[in-house]
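Biologist: I'm new to reading models like this one. Could we look at it together, one question at a time?

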Amino acid sequence: MIYNLDKINEMAEGDEDFINSVISVFLEEVPQDLELLEIALNEQNHDQVYKLAHKIKPNVDLLGMEQTRAAALQIETLGKAEANMSEIQVVFPLLKKDIHQVVSELKKDFNI
C-alpha cells in the first residue's frame with residue numbers, strides 16, 4: 001500500500017465523514033493538479049510548476065506518502081529556482097506514477 005491514513009485518522013478522531021471528505025477532495029483535486037503540472041512542464045512555465053507542486057505536496061503528505069512528498073518538494077524547489085526543465089522532467093514521472101497508483105488504490109479501498 002502506497003498510502004496510510006494515520007495523519008487523517010488522528011485529525012478525524014473517528015469521524016468517518018471527515019475521512020471520506022478528505023479522500024474525495026484528494027481524488028478530485030490532485031489528479032487535476034497533476035495534469036496541469038504536466039502541461040506547465042511542457043510549456044516550460046516555472047512559476048506554474050512551482051505553484052502546482054506546492055499545492056500537491058500537502059495533499060500527498062496528508063496520506064503519508066513520503067516518497068511522493070519528496071518528489072513534489074523537489075519539483076517545487078526546482079520550479080522556484082527556475083532550474084533546467086530537464087531536471088524536473090527526471091523527477092516528474094515518479095510523482096505521476098505514485099499519484100496514479102494511490103488514486104487507483106483509494107478508489108478501490110473506498111469503493112468510489
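Biologist: At what distance does the side chain of histidine 46 reach the backbone oxygen of alanine 83?

Modeller: First, this is a predicted model, where local features need pLDDT of at least 70, side-chain atom pairs count only at pLDDT 80 or more, and totals for chains, interfaces and linings use all residues. Residues are numbered from 1 along each chain as its sequence is written, and side-chain values use heavy atoms, leaving out hydrogens and water. A polar contact is a pair of N or O atoms within 3.5 Å; within protein, one must be able to donate a hydrogen and the other to accept it, and residues adjacent in sequence count only if both atoms are side-chain atoms. For the side chain of histidine 46 and the backbone oxygen of alanine 83, the distance is 2.6 Å.

Biologist: Is histidine 46 buried or exposed?

Modeller: Histidine 46 lies in helix α3; helices here are DSSP runs of H or I, at least four residues long, numbered from the N terminus. Buried means under 20% relative accessible area, exposed over 50%, and partly exposed in between, using a 1.4 Å probe and protein chains only. Histidine 46 has a relative accessible area of 17%, so it counts as buried.

Biologist: How do α3 and α4 run relative to each other, roughly parallel or roughly antiparallel?

Modeller: Axes are lines fitted to C-alpha atoms, for helices over the stretch in contact, with angles from 0 to 180 degrees between N-to-C directions. Angles under 35 degrees count as roughly parallel, over 145 as roughly antiparallel, 65 to 115 as roughly perpendicular and the rest as oblique. The axes of α3 and α4 come within 8 Å and cross at roughly 160°. That's why α3 and α4 are roughly antiparallel.

Biologist: And what is the handedness of the crossing of α3 and α5?

Modeller: Those two axes come within 13 Å and cross at roughly 30°, which means α3 is roughly parallel to α5. A crossing is left-handed if the near helix is turned anticlockwise from the far one by less than a right angle, and right-handed if clockwise. The crossing of α3 and α5 is left-handed.

Biologist: How far apart are the end C-alpha atoms of α4?

Modeller: The expected span of a helix is 1.5 Å times one less than its number of residues. Helix α4 has 15 residues (66-80), so it should span 21 Å, and the model agrees, with its end C-alpha atoms apart by 21 Å.

Biologist: Which helices do the buried residues of α4 pack against?

Modeller: The buried residues of α4 are Thr68, Ala71, Ala72, Ile75, Glu76, Leu78 and Gly79. They pack against α2 (16-42), α3 and α5 (85-109).

Biologist: What phi does glutamate 82 take?

Modeller: Most residues other than glycine have a negative phi. Glutamate 82 is in the loop between α4 and α5 and is exposed, with a relative accessible area of 59%. Although glutamate 82 is not a glycine, its phi is positive, at about 55°.

Notes
Contact = heavy atoms within 4.5 Å.
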